[in-house]
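Subject: Structure for you to look at

Hello,

Here is the structure I said I would pass on.

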Amino acid sequence: SAAVTGAAKPNPQAYQIALDALQVAPGQCLFFDDEADCVEGARSMGLLAFLVDRRAPAHNLAQGVIANLEAVTLLVTQ
């Protein structure tokens with residue numbers, strides 16, 4: 001949390017802290033958020049980031065938008 005780390009999304013430091021804690025490279029990490037600014041912040045750090053839009057009729061992986069987290073299975077099998 002930002003209260004613990006001192007950095008909040010979409011600050012790049014927030015993503016770096018999470019990557020360091022997980023000991024993964026940005027390209028090895030899937031990121032999901034329902035706020036476009038946070039998704040863009042994650043993408044700027046190299047994370048595979050997707051906007052969760054629960055109003056979307058379907059997933060649009062090419063545009064980086066998913067309708068729900070059921071898309072995770074699609075993403076990890078690619």
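Asp 33 stands opposite Leu 51 of strand E2; strands (E, at least two residues) and helices (H or I, at least four) are DSSP runs, numbered from the N terminus. Please keep in mind that this is a predicted model, in which local features need pLDDT of at least 70 and side-chain atom pairs count only at pLDDT 80 or more, while totals for chains, interfaces and linings use all residues. Residues are numbered from 1 along each chain as its sequence is written, and side-chain values use heavy atoms, with hydrogens and water left out.

The sheet

E1-E2-E3 is the order of the strands in an open sheet of three, and the pairing is parallel. Two strands pair if DSSP finds at least two bridges between them. Strand E1 (30-33) and strand E3 (65-66) each have a single partner strand and stand at the edges, so one side of each has no neighbour in the sheet. Between E1 and E2 (residues 48-52) there are four bridges in the parallel sense. Helix H3 packs on the sheet and touches both E1 and E2, where contact means heavy atoms within 4.5 Å. The direction of H3 makes about 170° with that of E2 (axes are lines fitted to C-alpha atoms, for helices over the stretch in contact, and angles run from 0 to 180 degrees between N-to-C directions).

The core

Nine residues make up the largest nonpolar core: Tyr 15, Leu 19, Cys 29, Phe 31, Cys 38, Val 39, Ala 42, Leu 47 and Ala 49. Such a core is a set of buried Ala, Val, Leu, Ile, Met, Phe, Trp, Tyr and Cys residues joined through side-chain atoms within 4.5 Å. Buried means under 20% relative accessible area, exposed over 50%, and partly exposed in between (1.4 Å probe, protein chains only). Helix H2 (12-22) and helix H3 (36-44) are the elements that give two or more residues to this core, and H3 has the largest share, three residues.

The aromatic rings

Rings of Phe, Tyr and Trp (its six-membered ring) pair if their centres lie within 6.5 Å; planes under 30 degrees apart count as stacked, over 60 as edge-to-face and the rest as tilted. There are two aromatic pairs by this rule. The ring centres of Tyr 15 and Phe 31 are 5.5 Å apart and the planes are at 80°, so this pair is edge-to-face. Both Tyr 15 and Phe 31 are buried. For Phe 32 and Phe 50 the centres are 6.0 Å apart and the planes at 25°, so that pair is stacked.

Regards
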